[in-house]
Structure formats: structure tokens, C-alpha cells
Amino acid sequence: MRRPAPFPHLTRARLSRRALLLGGVQAGIVGTLGWRMYNLQVTESERYRLLAEENRVATRLVPAARGLVFDRNGVLVAANDQNYRVVIVREQAGDVDGVLKRLAPLVGLDETERQKVLAEVMERRAHASVTVAEQLDWERFALVSANAPALPGVFTEVGLTRSYPTIGDFAHVAGYVSAVSEDDLSRLENPDEVMQLPSPIIGKTGIERTSEDLLRGKPGLSHVEVNATGRVMRELDRTEGTPGNDLQLTLDSDLQHYAHFRMKDESAAAVVIDLRNGDLRALASTPSFDPNKLVFGISQADWSALNNNEYRPLGDKTVSGTYPPGSTFKMVVALAALKAGVVTPEERIYCPGFYEIGGRRFHCWKASGHGRMNLPEGLQNSCDVYYYEIAQRVGIEAISEMAQTLGMGTEPDLPLPALTSGRMPTKAWKQESLGHSWLIGDTINAGIGQGFVSASPLELALMTARIASGRKLVPRLISRINGVPVDTPEAEPLDVSAEGLAQVRLGMYEVSNNRRGTAYSARITAPGMEMAGKTGTSQVRQITTEERAAGITRNEDLPWNRRDHALFVCYAPYDNPRFAVSVVVEHGGGGSTVAAPIARDILLRALYGTQPPLSAYPREQHEKLIEQRALEPGPTVSTPAARSDRA
């Protein structure tokens with residue numbers, strides 16, 4: 001028999017305290033659990049719902065359609081074509097290397113390309129899409145889709161890619177797009193947004209570069225449901241991006257194409273300006289290149305061929321090339337002298353074939369001399385001695401000031417990269433730049449567009465346009481943005497006397513229409529279409545006294561890169577000016593024989609808007625023109641343009 005416990009009242013007390021303590025602990029645990037469950041289910045329910053949703057829903061950027069670029073007549077210059085591509089997302093792929101090994105044979109990826117993609121995937125953010133292959137044909141595209149279960153993190157997309165239907169005609173103006181580089185990122189306001197896109201691209205040159213913010217557009221968002229392995233089950237919603245702005249250029253694709261054809265065998269540049277409003281109707285630089293080859297990366301062989309070509313096909317000679325303007329600069333000197341009152345149009349200056357000052361002789365291009373010349377005759381015959389004399393009278397400061405009035409030596413406001421302004425020197429410029437004082441010989445050389453003077457083909461065209469119109473025309477390249485016209489300020493009158501302009505225009509008319517004019521053989525013979533112009537030949541080498549005594553070496557007997565540059569500027573019709581043209585042929589030889597016929601032909605094409613009648617040309621040139629026209633190709637348009645789309 002169990003003995004009764006002593007002091008039973010004490011035992012009951014201990015049991016009650018234990019029970020209370022245990023009950024209190026249990027109540028505390030239950031209370032804590034309840035409080036936590038309340039927080040999870042009520043207070044923080046929204047937060048955890050969103051976290052769970054993020055595990056189930058993936059957000060992806062949707063590229064916006066890049067804005068299109070058109071010529072003045074609506075011809076596509078930069079288009080968007082359908083692009084079948086395959087992308088990979090690291091955070092959903094898991095074993096990226098293994099996935100790429102399975103994917104490579106399906107899309108034709110070699111080991112070097114696979115390693116390059118792998119490196120890019122590991123460098124980019126885990127949720128960013130990286131393009132593995134693009135421009136796939138339908139068979140390969142479908143093959144990847146069929147193997148989707150074995151390729152986690154791999155997605156097929158139908159996107160857009162940039163193409164250039166006119167190939168080389170607008171290569172320098174439109175430029176091209178390509179993969180984003182570190183240098184490109186440094187000039188973007190929001191680089192992260194661009195880099196999260198699959199196969200991010202950016203404008204590299206031309207309008208594509210300078211108008212990147214206008215053309216790029218704003219990407220959209222796509223929310224897709226994914227399973228536990230990261231496979232996309234369905235798209236929940238999609239917000240399309242805002243397309244980039246469409247741009248309409250002032251250029252005429254037909255005229256641009258003809259200018260390229262007419263200069264196809266030369267290293268040359270041509271500019272056409274509409275004298276009504278300053279619209280640039282042609283900016284042609286030859287030789288050109290196919291920008292489509294640079295969109296996805298050009299081969300080393302093709303790049304070397306472009307980069308090592310002495311004709312510099314990658315450079316835009318119209319706006320970045322600068323040359324001694326030669327005798328095309330004589331109109332500037334004439335207007336400066338007339339404005340300063342140091343010469344009258346009627347005054348005759350004697351040319352014996354040279355100009356002597358300080359014991360040094362400056363020679364005229366015509367060794368026997370021109371005799372006595374007034375201002376229009378000095379232009380007609382391009383007499384160097386006449387311009388040596390009036391340049392020395394007026395001085396370099398006034399010449400430089402007039403050049404700037406006519407649009408030279410100042411960078412134009414155009415949406416093109418690598419814009420280069422020519423040099424209109426002054427005494428202060430030489431002292432600051434070269435540390436030497438200005439000499440009289442420097443002024444005399446500047447009087448015929450040599451020495452320190454330089455100009456781009458665009459500046460030469462603008463100079464001619466302002467002389468022809470009598471107004472401060474401003475060149476314009478973009479006429480509309482998304483169909484909305486770009487405002488063009490009214491051109492102010494030039495600060496040049498009407499009489500002075502009339503005398504210079506008369507001299508330019510005589511250049512092309514007087515039998516003794518230096519460009520008479522390149523005249524326009526259609527009544528009412530007569531052309532006014534000025535030839536120029538600029539030296540790129542020094543002619544020694546010994547060579548001059550023995551007889552100057554002909555251009556055709558010199559290496560190509562030591563021959564003179566050939567230049568010609570013109571406008572027409574003389575009585576009612578409509579277009580101004582400048583042509584520079586690098587190392588072309590004589591301006592009258594090489595540059596003038598090219599400029600005349602481009603000017604006529606601009607005036608007629610189509611192939612001019614033979615009657616617009618001198619009769620003796622008809623046979624040659626017929627042969628030339630037989631070789632003229634139609635507009636260059638690549639076939640992908642037919643598939644261009646905005647979506």
C-alpha cells in the first residue's frame with residue numbers, strides 16, 4: 001500500500017504553479033503564432049502576394065519600332081524588316097553553357113560564336129535577354145520552337161531589324177545602326193533601359209546617330225507566366241512600346257542616286273541646294289558603301305577593303321572634307337573689294353602673266369597673261385593676277401569677313417556628325433595658331449583660294465546659293481518629324497550691295513556662256529536655263545622655280561594623290577535662280593574639264609526632275625551623252641524594303 005504523501009497541501013500548490021507556468025508559456029506561444037499569422041495574412045499580405053507573383057510572373061522589355069527615315073518624296077531610306085531571332089535569359093536558363101551547347105547546332109552557331117554569346121550572357125544582368133542568333137530562316141526558327149522543352153530560358157521572337165533599301169546612295173547621310181559599345185553608352189541618358197533590350201542597337205553615324213533620341217522610341221513591357229523551371233506558359237498582358245519618330249529628309253533619292261552615278265569613278269562630292277528655302281536636295285559622296293553590311297557586324301575582309309581604300313569611302317566628303325577652294329573663292333574676294341570700295345567693276349588691271357611684290361613673283365595660270373581685265377572679265381577668264389591685286393588692296397580681314405557673310409568658315413547647324421567648317425584665316429588666327437606674323441604673300445595666295453584658305457563642298461554650295469539668291473540662306477536637311485513640318489526661318493538679305501552681286505553674277509554667267517569662259521564647254525544650251533558658274537583648280541603640291549622653267553608637269557603624268565583638285569560651283573537658271581551646285585573631285589585635275597561637266601549634269605537633273613532633253617546640252621556632246629545614258633542604272637533599292645513595317 002502506497003503511503004500518503006506528507007503535507008498534501010504543498011504538493012497541490014507546486015502542481016498549480018507548474019500548470020500555470022506551462023499554461024502561460026503555451027498561451028504565449030499561441031499568441032505569438034496568432035500575431036505572426038495576423039501579420040502574414042493581414043498586415044503584410046500584399047507584400048507576400050507580390051513576392052509570390054514575382055516568382056510566377058516575369059517582366060520583359062518589348063523593343064519599340066525604330067522611326068523610319070524617308071526622302072522628300074516618301075521613298076524609304078531607313079526601314080524596319082522582320083527578323084526571326086533566338087534569345088536567352090540567364091536566370092531562366094540555369095545551366096547556360098549546357099543550354100547553348102544543345103542550341104548551337106539548331107541555329108548554326110560555331111564554337112567561337114557560342115563562347116562569345118556565353119561571355120555576353122554572363123556579363124549582362126541575369127534577367128536581360130541576350131540574342132543568340134538572328135536573321136534566321138523559317139526552318140531553323142521552327143526547329144528551335146519545336147525543341148523548346150529541352151531549352152530552358154531560350155525564346156524565339158519575331159522582331160525588327162534595320163535595313164537600308166537605297167544601299168549606298170544615303171549611306172553617309174542616313175548612317176547605320178549596330179551593336180551598342182561602351183563609347184555609345186557614355187552618350188546615352190538612360191543606358192540601362194537600352195541594355196535590357198535583346199540585341200540592343202544604336203545609331204553609329206549619320207542621321208541614325210545624331211537623331212538617336214528621336215528615332216529610338218520607348219520600349220514596352222510584357223508580363224509572362226512561368227512555371228517552376230522558368231518556362232513561359234502564357235503572356236498575361238502586353239504594353240506595346242512607343243515607336244520612334246519618323247523623319248522626312250529634304251533630299252531627293254532620284255537626284256542623290258544620279259549624283260552617285262555621275263561621280264562613280266571618282267573620289268568626289270556634290271551638294272545641291274534649293275534656292276527657295278535652303279533645302280539640301282543632294283549630298284553625295286563617292287565612293288560609298290553598303291550600310292546593311294555593318295548592321296550585324298562586317299567581315300574583316302570587307303572592313304579592310306573599306307578602311308584601306310585611298311578614296312576614303314567611309315568619310316562623308318560633302319561635310320567633313322575640306323579643300324583649298326581655288327578660283328571658286330574669287331567671288332568672295334571680288335565682293336569684299338567692291339564693298340570696301342578699293343576697286344570698281346569697270347577698272348582694268350593689267351595681267352602680264354605674273355604679279356611681282358617684294359622681289360617675289362606670283363604667277364597667273366596663263367603664262368602669257370590676260371592683258372587688261374575688268375571685274376567680270378577677271379572672273380570669266382579666272383585671271384589670277386587680277387585677284388592678286390585686289391586681294392592685296394582689300395586685305396585678309398575684309399576677305400575673311402565677306403567669306404563668313406557668305407556662309408564659309410562657320411559650322412552649319414545640321415543633324416550630321418563630323419561636320420567640319422573650312423578655314424577663313426585672319427592675321428590673329430595665324431599668330432595664335434602658328435606663332436607667325438601675317439605676310440603680304442599670305443594675302444595674295446588667299447586671293448585665289450590657296451594658302452591657308454579651305455572650304456567644304458557644303459560651304460562652297462552655300463556660298464554660291466547666297467550669291468545667287470542675295471539672301472542668307474540656311475541649309476536644311478530634315479523637313480518633317482512625324483509628318484509635322486520643321487519651321488524654317490525666313491532668310492535675311494545679305495549685307496552686300498545689289499550692284500556688287502550683279503557684277504559677280506555677270507562674271508559667273510560669262511564663265512559658262514562666253515566662248516572665252518573657262519566653262520564654256522560645260523554650258524547649258526536650253527533657252528531660259530542658262531547656267532552661271534565658276535571653275536576652280538586647287539594645288540596640293542608646291543611647284544618649284546626649276547619645274548616652272550622646265551615646264552610644269554601635267555596632272556595626268558603625276559601620281560593620283562599629287563594631282564590638283566578639280567572644283568566647280570554653279571546655279572541656274574541665271575535670270576531666275578532655282579538650284580545651286582558644288583562639285584569637288586579629289587585629285588581630278590582641271591575644274592573646267594572634270595568638275596564642271598559633272599556639276600552641269602547634276603544641275604540639269606535637278607532642274608528637270610528627270611532625264612533632261614539632249615537639246616539642253618551642246619550638240620557636239622550628244623553622242624557621248626547617249627552612250628553615258630545607256631550605262632545609267634535605275635534607282636538602287638534592296639528587296640527587303642518591301643517587308644518594311646512599323647510593328
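This is a predicted model: local features need pLDDT of at least 70, side-chain atom pairs count only at pLDDT 80 or more; totals for chains, interfaces and linings use all residues.
Q: Which residues of H19 are buried?

A: H19 spans residues 396-405, and its buried residues are Ile396, Ile399, Ser400, Met402, Ala403 and Thr405.

Q: What follows H19?

A: Glycine 407 follows H19, and its phi is positive, near 95°.

Q: Back to H16 and H18. At what angle do their axes cross?

A: Roughly 45°, with the axes of H16 (residues 330-340) and H18 (residues 384-394) coming within 9 Å. Angles from 65 to 115 degrees count as roughly perpendicular and those under 35 as roughly parallel, so H16 is oblique to H18.

Q: Is that crossing left-handed or right-handed?

A: The crossing of H16 and H18 is left-handed.

Q: And which residues make the contact?

A: H16 contributes Lys330, Val333, Ala334, Ala336, Ala337 and Ala340, while H18 contributes Asp384, Tyr387, Ile390, Ala391 and Val394.

Q: How does the contact of H16 with H18 split by class?

A: There are 9 nonpolar residues and 2 charged ones, with no polar residues.

Q: New topic: strands. How many bridges join S3 to S4?

A: 4 bridges join strand S3 (residues 76-89) to S4, and the two strands run antiparallel.

Q: What is the bridge partner of valine 89 in S4?

A: Serine 129 is the partner of valine 89.

Q: How many residues of S4 are buried?

A: 5 of the 5 residues in S4 (residues 129-133) are buried, so the strand is largely enclosed by the rest of the structure.

Definitions and conventions: Residues are numbered from 1 along each chain as its sequence is written. Side-chain values use heavy atoms; hydrogens and water are left out. Axes are lines fitted to C-alpha atoms, for helices over the stretch in contact, and angles run from 0 to 180 degrees between N-to-C directions. Angles under 35 degrees count as roughly parallel, over 145 as roughly antiparallel, 65 to 115 as roughly perpendicular and the rest as oblique. A crossing is left-handed if the near helix is turned anticlockwise from the far one by less than a right angle, and right-handed if clockwise. Contact means heavy atoms within 4.5 Å. Ala, Val, Leu, Ile, Met, Phe, Trp, Tyr, Cys and Pro count as nonpolar, Asp, Glu, Lys and Arg as charged, and the others, Gly among them, as polar. Buried means under 20% relative accessible area, exposed over 50%, partly exposed in between (1.4 Å probe, protein chains only). Two strands pair if DSSP finds at least two bridges between them.
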